[in-house]
Amino acid sequence: MTTTAEQLSATTLLRFATAGSVDDGKSTLVGRLLHDSKSVLTDQLEAVEQASLNRGQEAPDLALLTDGLRAEREQGITIDVAYRYFATTRRRFILADTPGHVQYTRNMVTGASTAELAVVLVDARNGVVEQTRRHAAVAALLRVPHVVLAVNKMDLVDYAEPVFASIAEEFTAYAASLGVPEITAIPISALAGDNVVEPSAHMDWYGGPTVLEHLETVPVSHDLTACHARFPVQYVIRPQSAEHPDYRGYAGQIAAGVFRVGESVSVLPSGRTTTITGIDALGESVDIAWAPQSVTLRLADDIDISRGDLIAPADDAPPVTQDVEATVCHVADQPLSVGQRVLLKHTTRTVKAIVKDIPSRLTLDDLSQHPAPGQLVANDIGRVVVRTAEPLALDPYEDSRRTGSFLLIDPADGTTLSAGMAGAAFAGAAAEAVVAADDDAEWDF
Amino acid sequence: MSAVTTTVSEDTANPYALSHLDSLESEAVHIFREVAGEFERPVILFSGGKDSIVMLHLALKAFAPAPVPFTLLHVDTGHNFPEVLDYRDRTVAKHGLRLHVASVQEYIDAGKLRERPDGTRNPLQTVPLTEAIQRHRFDAVFGGGRRDEEKARAKERVFSLRDEFSQWDPRRQRPELWQLYNGRHAPGEHVRVFPISNWTELDVWQYIEREGIELPEIYFAHEREVFNRNGMWLTAGHWGGPKEHEATETRLVRYRTVGDMSCTGAVDSDATTLDAVITEIAASRLTERGATRADDKMSEAAMEDRKREGYF
């Protein structure tokens with residue numbers, strides 16, 4: 001390989017999400033990140049310039065880069081999550097660019113569900129407003145590990161440190177109370193380019209990283225050995241060929257933690273135990289594998305294992321339950337009601353379920369609760385109690401995003417109704433206040 | 001034995017880091033296995049282009065040492081590059097796969113489709129594709145589409161539900177959260193699945209290099225008789241080019257994308273190796289579709305419109 005190819009290869013991948021509205025300068029920030037990392041190519045810029053001209057706009061409207069649908073361009077709004085890709089020499093980025101308004105909460109939740117970092121934008125002139133609190137709450141609810149507060153339009157407040165400091169302090173206190181583990185506040189001007197890619201010449205008082213530097217260096221995965229190891233079985237590989245007459249492997253993507261050859265494991269929900277005798281990592285035999293690798297496990301005993309089962313360390317297996325208490329974001333146009341029969345999709349397992357109760361609806365702007373709403377409509381966040389027809393090996397979402405999350409699906413037409421997170425809504429001090437209205441404040445299997 | 005995945009320098013403190021190619025590969029393999037677990041009759045759209053070649057390679061890895069549990073489908077426009085058809089047939093034979101071919105030419109010969117005045121057959125693929133899906137009752141159809149290719153594709157889901165007419169309705173897409181893909185569909189409907197949604201052109205090339213994947217030779221620089229139409233170098237050939245006023249010349253070119261000969265342009269290039277191709281792409285200031293696809297230049301929403309009608 002040439003040096004160039006090697007440099008290009010030696011990178012990790014960061015998935016992050018941005019939340020904010022056009023008014024906060026989100027499009028300008030995204031546009032600048034893409035533009036300054038040379039990810040917007042000549043023909044794309046020309047197309048945007050031409051489309052902007054056709055619309056009678058003088059300057060190219062960078063929102064047209066991501067607003068890819070006819071309806072979005074006609075209405076001048078972002079409707080759906082747009083995924084953008086860019087790279088620096090240090091890292092590759094997948095950006096889920098989501099609209100900020102309350103009626104698009106489901107899109108923000110979608111973008112945040114796979115994000116390891118969320119950028120929340122505020123206008124330095126307005127400070128922390130209702131929308132900012134909602135964005136912080138979504139990041140906290142979805143357990144996004146890193147949150148960046150980008151205090152934008154610093155040029156319009158004379159780059160004054162006290163303005164930034166007071167916004168950063170207020171936001172950090174709020175986000176920390178929701179259990180957000182890491183918050184980084186950065187004063188920027190997306191329009192002037194201050195602290196986005198290049199350090200600002202106007203804010204000597206700020207010694208931290210620029211937005212891009214932070215994106216390039218934030219750790220992408222936490223300490224996996226501290227996680228509960230989880231392996232949902234996707235597919236049983238049984239070639240039954242002359243070359244591999246007896247091969248039987250359990251294919252899946254490690255959802256959390258680390259697995260080793262020789263380890264004693266339980267298979268859930270049956271609870272049978274066995275030992276890992278081999279790990280095939282896409283063509284190579286290995287003795288250790290970790291999330292999110294796709295591998296095939298071989299086991300010592302020929303026990304009944306099929307798609308939907310969960311393999312976990314024998315001494316650290318999750319309890320199984322048919323009663324699920326969770327926070328859901330309702331994402332469908334049709335409502336979710338008490339008594340409704342649904343399908344619940346958890347990892348690789350889909351089971352019948354019934355909505356036993358909707359104890360409360362939550363307003364993310366101020367975390368106020370509205371008891372017994374009866375139903376949830378699009379973009380509502382609520383607490384639900386669900387009974388499943390078969391047991392699930394479900395972790396609290398705060399312990400494991402992958403094995404603590406689920407979808408509720410309409411069995412009649414297949415619509416994705418709600419996105420669920422098992423256990424308490426928020427970590428930290430806010431958790432008690434939020435869960436207080438429930439009969440059972442503690443998550444208890 | 002050792003861990004297969006290379007840790008990368010910047011994360012030396014973390015022994016469990018994955019390189020970006022390993023992350024993308026793992027995600028794609030997960031998607032293939034989800035479909036194998038949940039669908040009855042999946043098929044991979046295989047054109048012999050680099051994206052479908054990478055898809056097939058990922059599928060082979062996902063189910064090894066067992067064979068790929070899917071068949072392949074190629075929509076043959078009748079204007080395909082002979083080198084690519086040759087590659088397609090060699091690959092099918094090598095891996096013992098089953099290939100279905102839907103032929104645009106047969107539709108034209110039978111009077112079911114009409115040749116367009118501009119000779120472009122790309123939009124004509126939709127009907128043979130849709131009818132092949134219905135005839136074979138395919139319920140999951142893998143496509144090599146990538147979100148970085150085009151702005152309408154940037155809004156596409158990994159699992160994309162199509163009605164019985166194969167139509168895509170971007171306003172009625174299911175939100176896709178975590179790695180939970182909802183493939184529920186009614187009889188007659190199907191799901192288009194895009195395992196390499198999150199890959200960029202550069203990722204595809206770097207993966208081809210890492211895995212040592214063979215490609216049709218037209219992806220590398222070679223001398224070719226071409227003529228200029230709408231700023232693109234098109235190959236002279238039986239599909240109908242060049243017209244009288246269009247002069248041909250021999251140039252050193254390669255293809256960045258492979259599609260219908262009538263609307264896929266070659267780019268000037270002296271890149272004869274994978275290394276050289278990767279260096280060239282990393283430095284390119286044009287997207288692959290902007291550089292090589294006449295059909296996307298028709299309008300701002302050309303791709304969205306074709307996708308709505310059931311296109312790839």
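How many residues of chain A are in contact with chain B, and how many of chain B with chain A? In this predicted model, local features require pLDDT of at least 70 and side-chain atom pairs count only at pLDDT 80 or more, whereas totals for chains, interfaces and linings use all residues. Residues are numbered from 1 along each chain as its sequence is written, and chains are lettered from A and ligands numbered from 1 in the order in which they are written.

The contact between the chains involves 70 residues of chain A and 63 residues of chain B, two residues being in contact if their C-beta atoms, placed from the backbone, lie within 7 Å. On the side of chain A that touches chain B, 32 residues are nonpolar, 25 polar and 13 charged. In this division Ala, Val, Leu, Ile, Met, Phe, Trp, Tyr, Cys and Pro count as nonpolar, Asp, Glu, Lys and Arg as charged, and the others, Gly among them, as polar.

Chain A contains 10 helices and 25 strands; helices (H or I, at least four residues) and strands (E, at least two) are DSSP runs numbered from the N terminus. Of its 445 residues, 52% count as buried. A residue is termed buried if 20 or more other C-beta atoms lie within 10 Å of its own, exposed if 12 or fewer, and partly exposed in between, with C-beta atoms placed from the backbone. Among contacts in chain A between residues at least 6 apart in sequence, 69% link residues at least 24 apart.

One open sheet of chain A comprises 6 strands in the order β2-β3-β1-β4-β5-β6, with mixed pairing. From one strand to the next, the twist averages 25°. Pairing requires that DSSP find at least two bridges between two strands. Strands β4 (residues 117-123) and β5 (residues 146-152) of chain A meet this criterion in the parallel sense, over 7 bridges. Within this pair, Leu117(A) has His146(A) as its bridge partner, and Asp123(A) has Asn152(A).

Strand β5(A) is mostly covered, 7 of its 7 residues being buried. In a regular strand the side chains alternate between the two faces of the sheet. Accordingly, His146(A), Val148(A), Ala150(A) and Asn152(A) point one way from β5(A), while Val147(A), Leu149(A) and Val151(A) point the other way.

Helix α6 (residues 105-113) of chain A lies across β1 (12-19), β3 (91-98) and β4 of chain A, at about 165° to β3(A). Helix α7 (residues 130-141) of chain A lies across β1, β4 and β5 of chain A, at about 175° to β4(A). Axes are lines fitted to C-alpha atoms, for helices over the stretch in contact, and angles run from 0 to 180 degrees between N-to-C directions.

Further along chain A, strand β25 (residues 416-422) is also mostly covered, with 7 of its 7 residues buried. Strand β17 (residues 320-330) of chain A runs antiparallel to β25(A) and is joined to it by 5 bridges; Cys329(A) stands opposite Ala419(A). Strand β24 (residues 405-409) of chain A likewise pairs with β25(A) in the antiparallel sense over 5 bridges, with Leu408(A) opposite Ser418(A). β24(A) and β25(A) form a hairpin with 6 residues between them, and Gly414(A) in the turn has a positive phi of about 80°.

Chain B comprises 9 helices and 10 strands. Its radius of gyration, 20 Å, is close to the 20 Å given by the globule rule for 312 residues, so chain B is as compact as a globular protein of that length. This radius is taken over C-alpha atoms, and the rule is 2.2 Å times the number of residues to the power 0.38. Buried residues account for 53% of the 312 residues in chain B.

The domain assignment, automatic or from a database, divides chain B into domain 1 (13-202 + 303-308) and domain 2 (217-298). Their centres, taken over C-alpha atoms, are 23 Å apart. Each domain of chain B contributes 19 residues to the contact.

Leu73(B) lies in strand β2 (residues 71-76) of chain B and is buried, with 23 other C-beta atoms within 10 Å. Beyond its neighbours within four places in sequence, Leu73(B) is in contact with Val43(B), Leu45(B), Phe46(B), His100(B), Ala102(B) and Ala132(B).
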